[in-house]
Amino acid sequence: MTQILSAQESSQYRALLIKAVNSSVEIVTAFGSVTGEVVQTGAFFKIPLNYVVLKQSESNFVYVPLASINAVILLSEDGDL
């Protein structure tokens with residue numbers, strides 16, 4: 001069963017992830033989890049507001065739709081947290 005987040009829940013994840021720029025996080029979705037460093041939106045690519053981008057390596061970026069996020073786990077702090 002797919003969980004659909006409300007606009008308020010998505011905006012709360014977005015606010016948290018904006019504060020976590022340059023921090024390592026694990027994002028859990030119904031399809032599995034993704035680990036990487038949160039990159040500042042727009043710094044590398046033009047990114048829609050409803051996505052977060054994780055940098056997994058120098059050339060590997062993962063786009064995660066905010067609506068698919070079930071949990072965010074902070075692995076290391078380096079942002080405004």
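1. Two strands are taken to pair if DSSP finds at least two bridges between them. Strands themselves are DSSP runs (E, at least two residues), numbered from the N terminus. On this basis, strand β1 (residues 24-29) runs antiparallel to β2, and six bridges join the two. Within this pair, Glu26 stands opposite Thr35 in β2, and a hairpin of two residues connects β1 to β2.

2. The model is predicted: local features need pLDDT of at least 70, side-chain atom pairs count only at pLDDT 80 or more, and totals for chains, interfaces and linings use all residues. Residues are numbered from 1 along each chain as its sequence is written, and side-chain values use heavy atoms, with hydrogens and water left out.

3. Strand β2 (residues 32-38) is also joined to β3 (residues 51-57), by two bridges and in antiparallel fashion. Val38 has Leu54 of β3 as its bridge partner.

4. The five strands form an open sheet, ordered β4-β3-β2-β1-β5, with antiparallel pairing. β4 and β5 each have a single partner strand because they stand at the edges, so one side of each lacks a neighbour in the sheet.

5. Ser68 lies in the loop between β4 (60-65) and β5 (69-76). Is Ser68 buried or exposed? Ser68 counts as buried because its relative accessibility is 19%; the cut-offs are under 20% relative accessible area for buried and over 50% for exposed, with partly exposed in between (1.4 Å probe, protein chains only). Beyond its neighbours within four places in sequence, Ser68 is in contact (heavy atoms within 4.5 Å) with Val28, Thr29 and Ala30.

How values were computed:
Helices (H or I, at least four residues) and strands (E, at least two) are DSSP runs, numbered from the N terminus.
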